[in-house]
Amino acid sequence: MDTNPNEVNELIKRRFEELKELNEKGVETYAYSFDVDSYSEDIKQNYKEEEKRNVKIAGRIMAIRRMGKASFAHIMDDKGRIQIYLRKDEIGDQYAAFKLMDIGDIVGVEGYVFKTKTGEISVHVSSLKLLSKSLLPLPIAKEATDEQGNKVIYDQFVDKELRYRQRYVDLIVNPDVKEIFKKRSRIITAMRKYLDEQGYLEVETPILQPLYGGAAARPFITHHNSLDIDLYLRIADELYLKRLIVGGFNGVYEISKDFRNEGMDRSHNPEFTMMELYVPYKDYEWMMNFVELLITKIASEVFGTLEFVYESSQINFKSPWKRISFVEAIEDKTGINVITCSDDEMKGLAKNLGIDLGAAKGRAKLIDEIFSETVEPGLIQPTFVIDYPLLLSPLAKRHRSKEGVVERFETYVAGREICNAFSELNDPVDQRKRFEEQVKLKEAGDEEAHQVDEDFLRAIQYGMPPTAGLGIGIDRLVMLFTNQSSIRDVILFPQMKPEA
RNA sequence: GGGCGCGUAGCUCAGUGGUAGAGCAUCUGCCUUUUAAGCAGAGGGUCGGUGGUUCGAGACCACCCGCGCUCACCA
């Protein structure tokens, strides 16, 4: 929408006229500051009948009820809404200015707290100051309370496209949205606090990387002009964080954006937030306990409970969480051992499951898909799936006693993976071999296979201590804790196609 | 990328080939404890875009744009 008053609709034109009229009356329309000393919800909670407490509040006008020489309005601040009451005989010129104000305008108000006849705690205004004139009409909803005392919202702003494109409007008119993002912030704060308390160091590693690695994904490519080289936006932090373990830090973590150049849907955004943690002298057994502690800590600290509802599932994070073997779980469902079976047996199984056997699908990919089809949907309560096939995990350490698998686990909740962890591969000879296998896959057409990172190999040849590593997808964790089914509802500005 | 669905006033939505509608929002008048305030009146549209069919298209057809769901891919 344009802010040129000559080319816009009646509602907007009207507001430009009001702006002009206010200026002509000498009313400041874009103020410099306002001393706030109280917030809506606090005022309501601390209300005492006898004291006519004076307060200064500021916020956006969300509703106006004019009754001639007196008016009511609702003001919304960061904590909620509160009603204000204005009388012409008390505020004179300011009442005339108020007539030129609209829903959406931001005002500062001074007055005393009282309760109306109908029992609503309100502010009786002694002074009203316009802080910012709003020139575009908000898609404001009306709220009412029905006979059962439930809140009813009329004409709620629900257009997903507009909500995502104009998140600022979504945040103004849909209070639940604001709540989700406050929770997201608290979840990350609680996580960071716990990691810091354990003595792990928060670090920053390159987003622009000459080689990408640490995950199986297609990267975004960009170009550095003065070096005249292509660089990749990182798909994971892993290989840099492990270099820091070589460097001798006693545990490092990073909370940051990763970028993967793949399809978008309700669980994938091209940029997303990941927490990765590496702790020396530990293994995946230790890390499982750590994850359990970390998640339950966040749940109880932010939400005060270990019980959640996600979509139609009741989730309970109470320890201990179930542990199942990746290979045995598939065998239980299908009777086939994906490590020892022949390629033909596996293809037969995949076909029976309706898995597309197209193009360059290697054994590793098929195993992964068979798992997704047969086991994953049943993992509702928090479950560690342990000991993954070696083929699926080129950066994880071989299992100390089992053939063909690595010491790796993923944690599933509500049928979704929320984290991935392993005993890190610190044998440089084996690591080189694994990279070389990836190169073969890449040559066979697997676009997501790893590149050989010679500098990483050099680093671990100096010697990397045994290390446990962990990655948690923050967006998906937030989805789970806030019961959102689309990643776009936990990312403030999700990726969209450009507006027409 | 494939399949299905959607796009009409600022918002939420009706409108199945014959004069573009409702509620809220907006504007005018009345109204000094209202609360989806009320009463009386008024204004507001490139029906996502471009072509086509038809005497006549918001509606039917084709293509395009955007969004949602879903499948494929992935975390």
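Guide: Please do, and keep in mind throughout that this is a predicted model. Thr 411 is found in strand β18, which covers residues 408-413.

Visitor: Why is Thr 411 called buried?

Guide: The word applies to a residue with under 20% relative accessible area. Thr 411 has a relative accessible area of 0%, and therefore Thr 411 is called buried.

Visitor: How many disulfides does the structure hold?

Guide: The structure holds zero disulfides. To be counted as one, a pair of cysteine sulfur atoms would have to lie within 2.5 Å.

Visitor: What makes β18 part of a sheet, and in what order do the strands of that sheet come?

Guide: Eight strands form an open sheet with mixed pairing, and their order is β8-β12-β13-β20-β19-β18-β17-β16. The edge strands are β8 (201-202) and β16, each of which pairs on one side only.

Visitor: How do you know that β16 and β17 pair?

Guide: Two strands pair if there are at least two bridges between them. Four bridges join β16 to strand β17, residues 383-386, and the two run parallel, so β16 and β17 count as paired. Within this pairing, Ile 324 stands opposite Val 385 in β17.

Visitor: Which strands make up the antiparallel sheet, and which of them are edge strands?

Guide: Three strands form that open sheet in the order β9-β11-β10, with antiparallel pairing. Its edge strands are β9 (208-209) and β10 (221-224), since each of these pairs on one side only. Two bridges link β9 with strand β11, residues 229-233, in the antiparallel sense, and because at least two are required, this counts as a pair. One position to look for is Leu 208, whose bridge partner in β11 is Leu 233.

Visitor: Why is Glu 311 called partly exposed?

Guide: Glu 311 has a relative accessibility of 37%, and because this value lies between the limits of 20% and 50%, Glu 311 counts as partly exposed. Glu 311, in the loop between β14 (307-310) and β15, also has a positive phi of about 50° although it is not a glycine.

Visitor: What kind of peptide bond joins Ser 319 to Pro 320?

Guide: That bond is cis, with omega near -5°, and Pro 320 lies in the loop between β15 (313-316) and β16 (322-325).

Visitor: How many residues surround RNA strand B, and which are the closest?

Guide: RNA strand B is surrounded by 57 residues, of which the closest are Thr 118, Lys 142, Glu 161, His 268 and Arg 476. Sugar and phosphate make up 59% of the atoms of RNA strand B that come within 4 Å of the protein. By type, the residues of this surface divide into 19 nonpolar, ten polar and 28 charged.

Visitor: What makes the approach of Gln 83 to RNA strand B a polar contact?

Guide: A polar contact is a pair of N or O atoms within 3.5 Å. A polar side-chain atom of Gln 83 lies 2.5 Å from a base oxygen of RNA strand B, so the pair qualifies. Arg 266 likewise places a polar side-chain atom 2.8 Å from a phosphate oxygen of RNA strand B, while Val 158 has a backbone N or O atom 3.4 Å from a phosphate oxygen of RNA strand B.

How values were computed: Residues numbered from 1 in each chain as written. Chains lettered and ligands numbered in written order. Predicted model: local features only at pLDDT ≥ 70, side-chain atom pairs only at ≥ 80, totals over all residues. Heavy atoms only, no water. Buried < 20%, exposed > 50% of the residue type's maximum accessible area, 1.4 Å probe, protein only. Near = heavy atom within 4 Å. Polar contact = N/O pair within 3.5 Å; in protein donor to acceptor, adjacent residues only side chain to side chain. Nonpolar A, V, L, I, M, F, W, Y, C, P; charged D, E, K, R; others polar.
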